[in-house]
Amino acid sequence: MKNLFENFGLYLDYYELTMAQGYFLSNRRNLKATFDYFFRKNPFGSGYTVFAGVSDLLELLKIFRFGSEAIDFLKSKGFKDEFLDYLKEFRFAGSIYSAREGEIVFPYEPLIRVEGNIIETQIIESLLLNLINFESLIATKAKRIRFAAKDKIISDFGLRRGQGLASLFASRAAVIGGVNSTSNVLAAFNYDLIPAGTQAHSWIQSFENELEAFRKFAEFYPDNCILLVDTFDTLRSGIPNAIKVAKELEQKGKRLKAIRLDSGDLAYFSKKARKMLDEAGLNYVKIVASNQLDEYLIKSLDEQNAPIDFFGVGTNLITGQKDAALDGVYKICQIEDNPTIKLSEDISKVTLPGPKKIYRYFNGEGKFYADCIALIDEDEIDLMIHPFDIYKKCNLKELKREEILEQVVKNGDVIVPEKSVNEIASYSEFRFSQLPDEHKRFEYPHIYKVGITPKLLELRDNLIRKNKEGKL
């Protein structure tokens, strides 16, 4: 395999390079541009989205370079020598403003603003979209699973079912959303996460019998022994053998940590297992459950009072089922000092012009009330208007507010301190606690209010009108 990191600048869509060369050859390389990142729909029918992926974006921007192999490759595709000389020295030198990672966010909000020359702002588009869309999708899925599991422990078991190496980012995003640990050891190493895992059925099958397999595992891991009890017969051999090993551990001054159920009716087997363990005096032994879990199945198990203490969640978490992708987009909103707009027959796809910021307003109980998108120079805001229904308005007078975006990159340099994944997860948990409950439910969540200022509405409508009059 070729050295991908030395040629990481190629992690973009081809059309971005063709446009970049066009800007370069037409002497437009220094044209100032501003782009917004936003999405139009919460995933999973959710009432919110968890914003994630910014730290990875900032890290990978540092290696967004075109090495000699990349230059040779592009030359073989017909790119001009003078443009390739430019790419050899390329470094992102613009500025980025972003919502904090872990933030609870909503459709149509400009969550990232990228400023710089037209080439550098354009060719990072796909990298930005790739990371933010994917990690926000997985972090949101994880938050929903965390909400269903309440205070139970959750581990990410998804590596084997993930979309290739994207699992590395997915495991990180899952922890931001509220998962406690991961089976992905490389992710644990890279992001300082908690690695977790038990054993596979192959371990038990490799021994003469189940009891011998359990005893040998307990011998090697007496302080962290979790036994998989469904290899042959959960109730007639798996749990009874686990109880025997638990008693043997007690004689050595140790305790069996848990048993794991990986098949069958998890509500039924967990209740049976709890009863058998308690009758053996092993009420401290926990029950782990896995097998195609998601937020709905975990919610169902909770409603059935299944005595499960620990959930291992794999495929449905790491692949973001059933949505598979967040529809985030990256749109230009200003060229030089002139606000610009993308029009559409569908008003919901008309973009918001000009550099913008987001104010979040709070109700009297310290909960989120509404978010207002304003032009960058606006401060005094008493009213916001629905972006697509001007008859829906919201009074913001005297409400406490805060700004959502902060500058994270200035002239190409990251200017915010690096945060650990656990710090980001804690922030996300706090912000989620400020979201009113009606936005958290799975069925028909209440739509959170996001509006724009009258001044921004006027700017958008003026640009639409000028276009119709042929003045743009």
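Okay, some ground rules before we start. Because we're looking at a prediction, local features need pLDDT of at least 70 and side-chain atom pairs count only at pLDDT 80 or more, while totals for chains, interfaces and linings use all residues. Residues are numbered from 1 along each chain as its sequence is written, and side-chain values use heavy atoms, with hydrogens and water left out.

So, the overall picture. The protein has 16 helices and 21 strands. The C-alpha trace spans about 85 × 60 × 35 Å along its principal axes. Of the 472 residues, 53% are buried; buried is under 20% relative accessible area, exposed is over 50%, and partly exposed is in between, using a 1.4 Å probe and protein chains only. Now contacts, meaning heavy atoms within 4.5 Å. Take those between residues at least 6 apart in sequence: 74% of them join residues at least 24 apart.

Let's go to the antiparallel sheet. What is the order of its 7 strands? Reading across, it goes β13-β12-β1-β5-β3-β19-β20, and the sheet is open. Pairing here takes at least two DSSP bridges between two strands. As a reminder, strands of a sheet pair through backbone hydrogen bonds, either parallel or antiparallel. The edges are β13 (338-339) and β20 (413-414); each has a single partner strand, so one side of each has no neighbour in the sheet.

Start from the β13 end. β12 and β13 pair antiparallel over 2 bridges, and Ile 335 has Asn 338 in β13 as its bridge partner. Their hairpin has 2 residues between the strands, and Glu 336 there takes a positive phi near 55°. On to β1, residues 32-38, which pairs antiparallel with β12 over 6 bridges.

Now jump across to β3 (residues 95-99) and β19 (residues 405-410), which run antiparallel and are joined by 4 bridges. Look for Tyr 97 there, whose bridge partner in β19 is Gln 407. Helix α2, residues 54-61, packs on this sheet and touches β3, β19 and β20. The direction of α2 makes about 165° with that of β3. Angles like that run from 0 to 180 degrees between N-to-C directions, with axes being lines fitted to C-alpha atoms, for helices over the stretch in contact.

Next, the parallel sheet. This one is open too, with 6 strands in the order β7-β6-β11-β10-β9-β8. β7 (181-182) and β8 (226-228) are at the edges with a single partner strand each, so one side of each is left without a neighbour in the sheet. Further in, β10 (residues 286-289) and β11 (residues 310-313) pair in parallel over 2 bridges, and Ala 289 stands opposite Phe 311 in β11. Helix α12 packs on this sheet, touching β9 (258-261) and β10, and its direction makes about 160° with that of β10.

And α12 has a helix partner as well. How do the axes of α11 (residues 234-251) and α12 (residues 266-279) cross? They come within 11 Å and cross at roughly 40°. That makes α11 oblique to α12; angles under 35 degrees count as roughly parallel, over 145 as roughly antiparallel, 65 to 115 as roughly perpendicular, and the rest as oblique. On the α11 side, the contact residues include Leu 235, Ile 239 and Ile 243, while α12 brings, among others, Phe 269, Lys 272 and Met 276.

Gln 321 and Lys 322 are joined by a cis peptide bond, with omega about 10°. Lys 322 sits in the loop between α14 (315-318) and β12 (329-335). Then we have Tyr 108, not a glycine, yet with a positive phi of about 75°. Find Tyr 108 in the loop between β4 (104-105) and β5 (112-117). Is Asn 411 buried or exposed? At 54% relative accessibility, Asn 411 counts as exposed. Asn 411 is in the loop between β19 and β20, and has a positive phi of about 50° without being a glycine. Tyr 108, at 22%, counts as partly exposed.

That's the tour, thanks everyone.
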